[in-house]
Amino acid sequence: MTRAKLDKKPQDVAAMFDGIAENYDLVNDVISLGQDRVWRRAVVDAVDAHSGELVLDLAAGTGTSSESFIRKGARVIACDFSLGMLQNGARRRGGASRGGVTFVAGDALSLPFADETFDAVTISFGLRNVADVDQALRELLRVTRVGGRLVICEFSHIPVEFVDKLYSTYLMAALPKIAGAFSGRSEAYDYLSESIMAWPDQAELSRYLQGAGWSRVAWRNLTLGTVALHRGFREK
Ligand SMILES: C[S@@+](CC[C@H](N)C(=O)[O-])C[C@H]1O[C@@H](n2cnc3c(N)ncnc32)[C@H](O)[C@@H]1O
């Protein structure tokens with residue numbers, strides 16, 4: 001099976017997600033001990049989508065991160081470049097455009113949308129996988145209307161060093177084995193652990209957002225900082 005490496009070649013990343021699409025949501029529940037549902041609720045609250053708004057859920061995968069927005073009356077475009085993930089999500093929902101969620105194939109580095117299309121843009125557990133984070137943040141800014149907002153949900157780092165070290169041990173030693181038992185694809189979860197450990201911390205990611213043109217950037221930690229929500233606004 002193809003597994004991505006830290007150079008995050010797009011074809012490797014897309015093929016890896018194609019390979020784990022079938023059990024993707026189940027494995028998330030298992031390895032996060034159900035915390036993924038808490039994180040998703042926090043994203044929905046942070047995006048705070050209103051009825052009639054158009055939301056881009058980038059790197060949406062099977063669309064699990066997209067679903068909750070429609071309950072608030074917004075329409076959602078769930079965009080991803082893994083056709084395996086998109087097809088799995090569309091199959092489960094009975095179509096590629098059903099009940100307010102529309103699946104669209106697209107690359108975060110060159111989004112297939114016009115300037116200022118969306119009221120809000122969000123990306124959950126996707127930004128860490130793109131080959132050029134700065135370009136993805138600039139693309140997200142381009143497709144957001146002036147006054148619109150961005151919410152990023154991504155694995156991050158526990159601010160207490162010895163607890164972070166313990167967590168790293170779990171990531172490297174246990175997580176790929178547990179995920180492998182449920183998915184049969186432990187290599188993909190080796191990549192997950194490695195990419196989390198190599199990912200910038202909360203303050204550094206904030207600087208990336210500011211550098212890409214996002215304003216009023218802030219973050220907050222979830223589950224001790226294993227996950228962080230970053231927020232920004234497009235002001236001009
Ligand atoms: C860990 S999954 C997250 C899926 C979903 N957002 C969730 O929270 O369950 C990461 C997703 O990012 C997608 N992805 C990675 N790089 C991408 C890119 N350059 N353009 C579009 N999607 C990308 C992958 O195909 C994969 O579906």
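A crossing of two helices is called left-handed if the near helix is turned anticlockwise from the far one by less than a right angle, and right-handed if clockwise. The views below come from a predicted model, in which local features need pLDDT of at least 70 and side-chain atom pairs count only at pLDDT 80 or more, while totals for chains, interfaces and linings use all residues. Residues are numbered from 1 along each chain as its sequence is written.

**View 1. Helices α6 and α9 cross.** Helices (H or I, at least four residues) and strands (E, at least two) are DSSP runs, numbered from the N terminus. Helix α6 passes α9 in a right-handed crossing, and the axes of α6 and helix α9 (residues 202–211) come within 9 Å and cross at roughly 55 degrees; here axes are lines fitted to C-alpha atoms, for helices over the stretch in contact, and angles run from 0 to 180 degrees between N-to-C directions. The two helices α6 and α9 are therefore oblique to each other, given that angles under 35 degrees count as roughly parallel, over 145 as roughly antiparallel, 65 to 115 as roughly perpendicular and the rest as oblique. Val 133, Asp 134 and Leu 137 of α6 meet Tyr 208, Leu 209 and Gly 211 of α9, where contact requires C-beta atoms, placed from the backbone, to lie within 7 Å. By class, this contact of α6 with α9 has four nonpolar, one polar and one charged residues; Ala, Val, Leu, Ile, Met, Phe, Trp, Tyr, Cys and Pro count as nonpolar, Asp, Glu, Lys and Arg as charged, and the others, Gly among them, as polar.

View 2. Helix α2 (residues 24–31) packs with α7 at an angle of about 145 degrees, the axes being 10 Å apart, and the crossing of α2 and α7 is right-handed. In this contact, Leu 26, Val 27, Val 30 and Ile 31 of α2 meet Leu 175, Ile 178, Ala 179, Phe 182 and Ser 183 of α7, a set that divides into eight nonpolar, one polar and no charged residues.

View 3. Strand β7 pairs with strand β8 (residues 227–233) in the antiparallel sense over six bridges. Within this pair, Trp 219 stands opposite His 230 in β8, and the bridge partner of Asn 221 in β8 is Ala 228. The hairpin of β7 and β8 has four residues between the strands, and Thr 223 takes a positive phi near 45 degrees.

**View 4. Residues surround the ligand.** A residue is near a molecule if its C-beta atom, placed from the backbone, lies within 6 Å of it. The ligand is surrounded by 21 residues, of which the closest are Ala 59, Gly 61, Ser 82, Ala 108 and Ser 124. Helix α1 (residues 10–20) gives the most to this shell, with four residues. By class, the shell has twelve nonpolar, seven polar and two charged residues.

Notes. Two strands pair if DSSP finds at least two bridges between them. Two residues are in contact if their C-beta atoms, placed from the backbone, lie within 7 Å.
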